[in-house]
Structure formats: structure tokens, C-alpha cells
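Please examine the sequence and the structure shown below.

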There are 2 protein chains.
Amino acid sequence: MSDLLERLRGRGWRMTAQRRVVAEVLDGEHVHLTADEVHARAVAKLPEISRATVYNTLGELVTLGEVLEVTTDKRAKRYDPNAHRPHHHLVCARCGAIRDVHPTGNPLADLPDTERFGFTVSDVEVTYRGLCPSCASA
Amino acid sequence: MSDLLERLRGRGWRMTAQRRVVAEVLDGEHVHLTADEVHARAVAKLPEISRATVYNTLGELVTLGEVLEVTTDKRAKRYDPNAHRPHHHLVCARCGAIRDVHPTGNPLADLPDTERFGFTVSDVEVTYRGLCPSCASA
DNA sequence: ATTTGACTTAGACAATGTCCAGGGTAGGAT
DNA sequence: ATCCTACCCTGGACATTGTCTAAGTCAAAT
């Protein structure tokens, strides 16, 4: 985590209380928080922090590749601090819970050239959907 | 297309001018329209149609399984009339263009039981990302 | 200690989607 | 053909999420 702060400083990030707090929140719980959830937790540590700053900081972390944006539905984007180990997501269709998963196989290799339509394909996201144990039993 | 209308009528759908227009728009161009784009095209055919009705109708079509919802980013959801042939999506990271693709392999089988965390997994979406030819050359 | 430009703030704004009360109508019943 | 009624549509208010801006603040280089 101080790793993260070090990396960011090394990249010319100006270190501010706000940015430190956002980074701490993301690193603290390895769950997939929405921007508003990050904001709520950040406010608990630094009451004056503004919503705009949280959005800005999350955007910068995404640009820097330190955090991944996950869009599983039309609600809020979620932020995944686990950016350095490739993985995919398993989402509960009912409650929205997300788990990181590591399928076997390589989906990138499964897209033949004839199915690429001239695109430069650089990334694949695989999203598994289903019901989590508690939603399935309800 | 009248297939579609027939199927819907058979399921007890009350047929109205508004619903017919929405179905026609979706069936007319097999592209991935946003709700607002559907609304714009619907208004061209039936000027009084309201936004709420378009949203409602799209939602019903999704529930009935006639249309798929595609969420590739935090902008608008898109609606895919190609609900009856399984496929995945290739998205341009710059301009948002979407193509249907058919990768080989079976990603569902690539998720071992140990990675399912007790979820009842029912579906997989694979989203390839890259740059479309025109965005890549710009 | 000074300086400077990057950072933060509050709040207005934008985009998308949802909800509601009231009026309208499709399609079955007569 | 007409009537009824449950279902549908409308317009607009509202909610959620995210973006932008102008002005003030502060980290860090000097």
C-alpha cells in the first residue's frame, strides 16, 4: 500500500491528504466499491473531502493503471484495486455482489481473425453471471 | 419481424402503435442502439411517443428475452435485437462501436468449481476491447 | 520563506433512467 | 357495433451518477 503511494509519487503525483485517503480506502478492503462508496469511506477519514476530488482521483488511478474500472450494469461503475493480477468477474444478478475469478483458457486466442473486423483487439473481459449463495436460497 | 410481433401477441402482449414502432425500430437495423436512439427513431414514425414508453417497452422486451441489454461502459445501455443467436461483443474503446462476434471455445466450461464460490452460474458475457479501423488510424 | 502551478472545493450542470397520476385504448364480452 | 375494463401511454417530476468550472489552497521546488 505504501508501495502504491511510492509508485504514484515516483510518477510525479503530488501527494495530498485527499489522494492518500482515497488510496487507503481502495487498498484497505479488497472489494469492488462504487465511487460513492469510496467517497463515503473517504469522508470518514477526512470529512472535508469533496465528491469531485474522489471522482478525479479514481479517474487518475485508472489512467495510471493502478485500479480497474468494472462496469457490470447500468448502475455505478465499480473500482477494483486488484489491477496487477489479471482476473475476471463473477457477478450476482440479484444483489450485484462481485468476486474475482480466474478461469482457465485464453479467450483472446478464441477470437479468430475473421471475427475481428479489422479491430486492434487489446483486451478481453469475461463476466460470469449467476446467483450468489444467499440470493439463490432466498 | 412480424414473427416478433406474433410471438409477443401470443404471450399476451397488448399490441399498441407504440410497441409496434419500438419493435420495428429494433428489428429494422441490426445495430446496438441506446434507449435514446431508439426513442429518436420511434419519434420519427410516431411523433407523440414518450420517452417513458420506450424505456418501458425496451424493458419488457428484455424481460421477455427478445432483446438483450448490453452494458459496455457507464454511458447508456444498448439494446441488441439479436437475442436468439448466442454471441459476444467487440467494442471500440474510443468511439464505442459494437460488433457481434462468435469466439470459439466455451468460457462457461473454463470456470472451475473451485472458482465459483457457491454461485449458480448461468451465463457468461465476453467483451473484447480494442480500436476499430477508423479510430486506430486516427 | 516564497512562488507557482497543480490540486481541491462547492455547487451547478448534464446524461440517463425511474416513477406517478391521470387520461386513453385494445380487445374481449355482450 | 358498442361497451367495459384492465392494461397502456403521456408528460413531467424526480433520482442517480458523473462532469465541469471558477476561485481559493497547498505541496514542493527554489
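Copies of a chain are superposed by least squares on the C-alpha atoms of residues with pLDDT of at least 70 in both. The model is predicted: local features need pLDDT of at least 70, side-chain atom pairs count only at pLDDT 80 or more, and totals for chains, interfaces and linings use all residues. Residues are numbered from 1 along each chain as its sequence is written, chains are lettered from A and ligands numbered from 1 in the order in which they are written, and side-chain values use heavy atoms, with hydrogens and water left out.

**The two copies**

- Two copies of a chain are related by a rotation about an axis and a shift along it.
- Chain B is superposed on chain A by a rotation of 180° with 0.0 Å of shift along its axis, and the RMSD is 0.1 Å.
- The two copies are therefore related as by a two-fold rotation axis.
- Within chain B, B:Val126 has the C-alpha nearest the axis, at 2.3 Å from it.
- Both copies use the same surface, since 100% of the contact residues of chain B recur in chain A (contact means heavy atoms within 4.5 Å).

**The domains of chain A**

- Chain A consists of domain 1 (2–80) and domain 2 (88–137), with bounds that come from an automatic or database domain assignment.
- The C-alpha centres of domain 1 of chain A and domain 2 of chain A are 24 Å apart.
- Five residues from domain 1 of chain A and five residues from domain 2 of chain A take part in the contact.
- About 540 Å² is buried between domain 1 of chain A and domain 2 of chain A, and carbon and sulfur atoms give 51% of this area; buried area is the accessible area (1.4 Å probe) that two parts lose on being put together, summed over both.
- On the side of domain 1 of chain A, A:His32, A:Val70 and A:Thr72 lose the most area to domain 2 of chain A, together 67% of what that side buries.

- Of the atoms of DNA strand D that come within 4 Å of the protein, 68% belong to sugar and phosphate.
- A polar side-chain atom of B:Thr16 is 2.6 Å from a phosphate oxygen of DNA strand D.
- In the side chain of B:Arg19, an N or O atom is 3.0 Å from a phosphate oxygen of DNA strand D.

Note on methods:
Near = heavy atom within 4 Å. Polar contact = N/O pair within 3.5 Å; in protein donor to acceptor, adjacent residues only side chain to side chain.
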